[in-house]
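Please look through the sequence and the structure before reading on.

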Amino acid sequence: MNILPKKSWHVRNKDNVARVRRDEAAAEVERRKRDARALRAEQEVRTELLRKRARLGGRSPSPPAAPALFPPPEEAAPNREHEAEKRREQERRERALGVLTYLGQSAAEAQTCPPWYLQPPKKPGEGSPEVQGGRKALLDPLQEMRKGLRRAPSPKNPPNPPRTRPPNPPESGGATG
């Protein structure tokens with residue numbers, strides 16, 4: 001089944017072909033008007049220039065320019081050191097982001113430090129000596145033995161025997177039954 005010609009947006013549809021031709025003709029007319037206006041403006045400028053020359057007797061309309069002792073800032077030579085510094089800074093930023101790579105260089109090699117997934121994992125306890133000393137003290141078996149000795153009774157002072165309550169006296173005068 002061929003339903004494409006029935007679509008309103010189909011390129012080969014007669015209405016669409018006519019609309020395109022109309023739009024192209026209008027664009028061509030607009031382009032010609034614009035070109036004619038530009039040509040007319042150039043012609044008026046040339047005519048005005050020739051009239052000024054005729055009034056001045058063939059001389060140029062503007063007096064000769066005085067020699068420039070100091071060139072204007074736009075024409076001054078660019079500061080090469082500043083441009084080199086800016087270029088180095090830009091290159092450093094791009095290299096840090098991984099944007100700037102050279103031929104045959106991988107993105108990981110281009111970075112100043114390897115990415116987190118390429119760095120070896122850090123073991124807990126690595127770092128400052130205080131942290132290392134505290135961790136070593138906790139894991140030291142000798143320290144564990146000393147703690148146990150502190151809790152145990154010393155042979156010089158025998159432990160006090162546990163206190164026992166005296167038995168309750170029997171109740172007098174009671175019959176069991």
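**Overall make-up**

The model is predicted. The protein contains five helices and zero strands, and along the sequence these elements follow the pattern α-α-α-α-α. Of the 177 residues in the protein, 3% are buried. The accessible surface amounts to about 17700 Å², and carbon and sulfur atoms account for 57% of that surface.

**Two residues**

His 10 lies in the segment before helix 1, which spans 14–56. Is His 10 buried or exposed? His 10 has a relative accessible area of 14%, and because buried means under 20%, His 10 counts as buried. Leaving aside residues up to four places away in sequence, His 10 touches Leu 4, Pro 5 and Asn 16.

Leu 118 sits in the loop between helix 3 (107–110) and helix 4 (129–139). With a relative accessibility of 52%, Leu 118 is exposed, since the cut-off for exposed is over 50%.

The table sets out the values for these residues.

| Residue | Relative accessible area | Class |
|---|---|---|
| His 10 | 14% | buried |
| Leu 118 | 52% | exposed |

**The surface patch**

Which residues form a nonpolar patch on the surface? Trp 116, Tyr 117 and Leu 118 do, and together their accessible area is about 450 Å². One of these residues, Leu 118, was described above as exposed and as part of the loop between helix 3 and helix 4.

Conventions. Residues numbered from 1 in each chain as written. Predicted model: local features only at pLDDT ≥ 70, side-chain atom pairs only at ≥ 80, totals over all residues. Heavy atoms only, no water. Helix = DSSP H or I, 4+ residues; strand = E, 2+ residues; numbered from the N terminus. Buried < 20%, exposed > 50% of the residue type's maximum accessible area, 1.4 Å probe, protein only. Areas by Shrake-Rupley, 256 points an atom, 1.4 Å probe, with all protein chains shown as cover. Contact = heavy atoms within 4.5 Å. Patch = residues over 30% accessible without salt bridge, like charges linked within 9 Å, V, L, I, M, F, W, Y side chains within 5 Å. Salt bridge = Lys/Arg side-chain N within 4 Å of Asp/Glu carboxyl O.
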